[in-house]
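The following exercises concern a single structure.

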Amino acid sequence: MTVPRVLAVAGTDPTGGAGLQADLKAIAAHDGYGMGVVTALVAQNTHGVRSVHVPDVAFLREQLDAVSDDVVIDAVKIGMLGTADVVRTVTDWLREHRPPVVVVDPVMVATSGDRLLDEDAAAAMGTLFALADLVTPNRAELAVLAELAGAPSRAPLSSLDAARLVASTWDVLVLAKGGHDEGPTADDVLVSPSGSVRRFTAPRVTTTNTHGTGCSLSSAIATLAARHGDWELAVGVAKPWLTAALQGADGLQVGSGNGPIDHGAVIRAALPVVPTTDVWWDDVGSLLRSTIECGFLVGLRDGTLDADVFAGYLAQDVHYLRAYERHLAGLAASAAGGRGPAAAGTAGAAAAGAGRGPAAAAFWAAASEGCAAEARDLHHRRLAGTHADDPVHPTCAEYLAHLQRAADSGSAAVLAAAVLPCFRVYARVGAQIGTAPDGHPFADWIAAYGDAGFAASSAEATRLVEEMAAAATPAERGRMARAFRRSTEWELAFFEMPLAVPGAGAGAGVIAAEASLLR
Ligand SMILES: Nc1ncnc2c1ncn2[C@@H]1O[C@H](COP(=O)(O)OP(=O)(O)OP(=O)(O)O)[C@@H](O)[C@H]1O
Ligand SMILES: Cc1ncc(COP(=O)(O)O)c(N)n1
């Protein structure tokens, strides 16, 4: 089954709620390929129409021909036409290039009350209807069309009779929309030229954000009719989609008047939720591969690493852990509501209370204590007498300076993102290295990397950072992402440091080459 190629011929709405912009969203929401020919440029927003510019009809024809000369059109939806000249131009084009599905939404007056079709143009609509499969008037438009079809203006017909008259007059299906009716349901009635009727009912949604419902419904129906080849199926699928879009409308917060419906409501509900920290993790994929493959870790895994090189690495690790321990303690204090990096208080994740509370504080405090114990143990057990007095290597110093900047940023969320790679990279390295055979020179170290408790800590740290990212402002989330990426770069540099050629920058070259674009 190919993706339906659906052309919308309509006016514009720069705020994206109605007209061509809404059409394209509705078509995309139903897995169609949307195309658009502009009949009128409308300066409007959720409060109403400010002005309308109708381009020359010769240009309109050029737009229409540009599409039909090149693309097979499976369905066309016609919306705002504006003037009688435009109606005639579109009608002439349609006579020559009639696609298999033609839906006309006879847009006459906007929700705001502004006229979108000249009075003399309504009369020209009849010839257009005769070329259509389906016409979708609202209540007021149906009354005008019924009059055009010869109904007496002094004794108005019921909606059903008006729809039957319009359908039989132009041999077209009519969907008489009930959005402007009252009652607990919003019912649309599909009437055929022979007078048969099918009612589509939906709960009425309590909202003032109904801008563009008509445009969206007709585009959805055109796309679905092109796919299913059946009008009742098309209306039956489009109607609950529209109801869901209305239910989501208040959540959009677009404009302060009659806002748009949420065209993405149904799709969003079906999309997988991708945690922010997973997005960051994917972003550093190549750094992680370089880390796993670096000479130091390969030597550690296969046991060929020089013991003195390893001791030199551990000496730097001790320097690192002592600072890292302080940052984790800072996060614990901040999570507990005391003095910590968030105390300087930017509005954002910390202010929203994310990643805070006694459990978060206890987690960071335990992690900090774990670090302190690890540093002491390494210092006494592994380094005794060898590298105990090594000065801080520039790579280690720069990584720590990066963590300090994160701590000084005033955002606990940024600091939490900056400390996270140390958890995650080590847990990943542990999982990758697996278990060492008996007698392996670095067996105890490899066991520490692969410790299940450490993997669980990494998962918990990730969960807390995820919470903070979810509550952060976009700007703060961006700073978190960059702090995370930068720390991951430093993790790689740290592993490359022991085997780096002296004077070559000891890993700093990697940072220069792969550094984040923005710090
Ligand atoms: N409050 C509502 N709750 C549920 N459905 C609604 C509501 N308002 C409108 N609808 C539905 O929206 C669709 C459009 O109907 P409506 O009668 O409002 O057309 P319209 O006036 O052409 O739309 P527009 O607001 O774009 O001009 C119909 O399916 C209608 O039943
Ligand atoms: C270009 C254009 N087409 C149609 C409508 C009707 O939509 P609504 O009645 O929801 O304002 C509109 N406002 N603008």
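**Exercise 1.** Determine whether Asp 31 is buried, partly exposed or exposed.

Step 1. The relative accessible area of Asp 31 is 48%. Step 2. Buried means under 20% relative accessible area, exposed over 50%, and partly exposed in between (1.4 Å probe, protein chains only). Step 3. Asp 31 is therefore partly exposed. Step 4. Asp 31 lies in the loop between α1 (19–29) and β2 (33–45), helices (H or I, at least four residues) and strands (E, at least two) being DSSP runs numbered from the N terminus. Step 5. Although Asp 31 is not a glycine, its phi is positive, at about 60°.

This is a predicted model, in which local features need pLDDT of at least 70 and side-chain atom pairs count only at pLDDT 80 or more, while totals for chains, interfaces and linings use all residues. Residues are numbered from 1 along each chain as its sequence is written, chains are lettered from A and ligands numbered from 1 in the order in which they are written, and side-chain values use heavy atoms, leaving out hydrogens and water.

**Exercise 2.** Classify the exposure of Asp 171.

Step 1. Asp 171 has 58% relative accessibility, so it counts as exposed. Step 2. Asp 171 sits in the loop between α6 (159–170) and β7. Step 3. Its phi is positive, about 50°, though Asp 171 is not a glycine.

**Exercise 3.** Describe the surroundings of Lys 177.

Step 1. Lys 177 belongs to the loop between β7 (173–176) and β8 (188–191). Step 2. Its relative accessible area is 13%, so Lys 177 is buried. Step 3. Not counting residues up to four places away in sequence, Lys 177 touches (heavy atoms within 4.5 Å) several residues, including Asp 105, Thr 136 and Leu 217.
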